Amino acid sequence: MGLRDRITGGVAAVAVAVLALGLGPGAASAAPAGSARAEESRAADSYAGSTGVGVHNAYEKAKYPYFADALDSGAAMLEIDVWTNFFGSSWRVSHSNPVGNDNNCENATTPAQLRTKARNQNLAGCLADIRSWHDAHPGHRPIVLKLELKDGFAANLGRGPAELDALLGAKLGDALYRPGQLAAGHPDLDTAARAGAWPSRAALAGKFIVELIPGTLEEGNAADKLWTDREYAIHLRNLAAAGRLGQAAAFPAVHRAEAGDPRNRYADASLRPWFVVFDGDASAYAGGSIDTGWYDRNHYLLIATDAHNVAPAIDGTRPTEVQARERLALLAGKHASVISADWYPLPSVLGTVVPRG
């Protein structure tokens with residue numbers, strides 16, 4: 001993107017700097033003229049050194065009529081709930097219906113089809129929308145796609161880690177930032193992250209980072225002994241051992257906040273180096289019992305959910321812009337990489353990126 005060079009020239013400087021941050025159409029006109037130098041500098045910083053704002057369950061039609069609208073919002077992270085659909089042949093996307101699709105995805109295969117087709121599509125349809133939007137917005141901001149696998153993987157039904165990799169690769173292709181790219185030249189993801197291997201925000205322009213977390217049904221199922229996080233970490237470890245890490249398309253997250261190194265919960269120590277993304281409740285991270293600086297020092301990504309519930313609690317959907325920005329500043333100071341809530345009515349906040357720490 002060439003943003004390491006000094007950009008000058010008033011309004012032009014603002015426009016170019018905002019484009020590099022991927023804040024979306026129209027963002028340049030809204031940016032304060034005095035912020036150009038700071039925005040330029042931030043674009044050149046490591047992705048792991050910034051904090052953005054995400055939207056919980058961005059596939060819900062009550063939030064955005066179409067998933068393209070969620071992508072237009074400027075959000076740093078968009079969450080999608082996924083079911084393996086034991087009674088069909090595809091992953092379904094809905095909040096609580098495991099056998100039906102209920103979402104704002106439309107399976108647009110070209111940018112011209114966005115906002116023109118029937119919604120309630122499967123995961124492949126959501127990914128098609130994402131790719132079509134990407135094609136219409138080259139150089140967009142880096143976006144985390146957070147997939148909650150509500151009932152986990154089902155490799156015996158053809159919906160396991162390898163099949164998810166294949167689907168993500170087929171639909172998003174070179175728009176993905178993959179684990180193998182982070183690990184390049186390093187034995188594992190942990191070594192790469194601690195060595196500062198995350199690219200700059202400018203270098204990640206036009207890329208999606210896919211995060212996987214175990215789902216609520218999976219975590220509540222006593223009979224399920226192999227959750228999404230561990231199953232995908234095994235997949236990464238095995239791919240790396242076979243020299244095929246480049247095939248992996250997603251990053252598993254250690255789910256739920258915990259003091260110390262949460263990866264110690266995995267009895268198999270060989271899985272721990274494959275986790276560099278951590279996802280948990282913002283209130284726990286902000287409460288003082290967890291050394292969140294540890295995540296920042298090691299360049300791990302920290303996703304802080306339910307940001308509105310951190311004391312003093314603010315509205316989960318429509319806080320004032322001042323309240324939302326103060327919450328972002330607070331949690332950035334607590335070393336979060338992304339904070340999430342349902343603040344879809346506040347695009348000016350969703351498009352904000354601040355320094356981490």
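**View 1. Lys 150 is a buried residue in this predicted model, with a relative accessible area of 5%.** The model shown here and in the views that follow is a predicted one. Lys 150 forms a salt bridge with Asp 81, and the closest N and O atoms of the two residues are 3.8 Å apart. This pair links distant parts of the chain, since Lys 150 lies in the loop between β4 and α6 while Asp 81 belongs to strand β2 (residues 77-83), 69 residues apart. Asp 81 is likewise buried, and its relative accessible area is 0%.

**View 2. Arg 263 and Asp 190 meet through their side chains in a salt bridge, with N and O 2.8 Å apart.** Here too the pair links distant parts of the chain, with Arg 263 placed in the loop between β6 (251-255) and β7 (277-281) and Asp 190 in helix α8 (residues 189-194), 73 residues apart. Both Arg 263 and Asp 190 are buried. The two residues also take part in a network of salt bridges, in which they are linked with Arg 194 and Asp 261.

**View 3. Arg 297 and Asp 291 form a salt bridge between their side chains, at 2.9 Å from N to O.** Arg 297 counts as exposed, with 53% relative accessibility, whereas Asp 291 is partly exposed, with a relative accessible area of 44%. In the structure as a whole, the count of salt bridges comes to 19.

**View 4. Cys 105 and Cys 126 are joined by a disulfide, with an S to S distance of 2.0 Å.** Cys 105 lies in the loop between β3 (92-93) and α5 (123-136), and Cys 126 lies in helix α5, so the pair ties together parts that are 21 residues apart in sequence. The torsion about the S-S bond is about 100°, and the disulfide is therefore right-handed. Both cysteines, Cys 105 and Cys 126, are buried. A search of the whole structure finds one disulfide.

**View 5. Arg 356 is found in the segment after β10 (354-355).** Arg 356 is buried, its relative accessible area being 8%. A polar atom of the Arg 356 side chain lies 2.8 Å from the backbone oxygen of Ala 48, and the Arg 356 side chain also makes a polar contact with the side chain of Ser 337, at 3.3 Å. When neighbours within four places in sequence are left aside, the residues in contact with Arg 356 include Gly 49, Tyr 295, Asp 296, Leu 302 and His 335.

**View 6. Asp 306 is placed in the loop between β8 (301-305) and α13 (321-333).** With 33% relative accessibility, Asp 306 counts as partly exposed. Apart from its neighbours within four places in sequence, Asp 306 is in contact with Asp 281, Ala 282 and Ser 340. Asp 306 and Val 55 are 251 residues apart in sequence, and their C-alpha atoms are 9.9 Å apart in space.

**View 7. Phe 86, Phe 87, Val 99 and Leu 157 make a nonpolar surface patch of about 430 Å².** Leu 157 lies in the loop between β4 (143-149) and α6 (161-172), and it is partly exposed, with a relative accessible area of 34%.

Definitions and conventions. Residues numbered from 1 in each chain as written. Predicted model: local features only at pLDDT ≥ 70, side-chain atom pairs only at ≥ 80, totals over all residues. Heavy atoms only, no water. Disulfide = S-S within 2.5 Å. Helix = DSSP H or I, 4+ residues; strand = E, 2+ residues; numbered from the N terminus. Buried < 20%, exposed > 50% of the residue type's maximum accessible area, 1.4 Å probe, protein only. Polar contact = N/O pair within 3.5 Å; in protein donor to acceptor, adjacent residues only side chain to side chain. Contact = heavy atoms within 4.5 Å. Patch = residues over 30% accessible without salt bridge, like charges linked within 9 Å, V, L, I, M, F, W, Y side chains within 5 Å. Areas by Shrake-Rupley, 256 points an atom, 1.4 Å probe, with all protein chains shown as cover. Salt bridge = Lys/Arg side-chain N within 4 Å of Asp/Glu carboxyl O.
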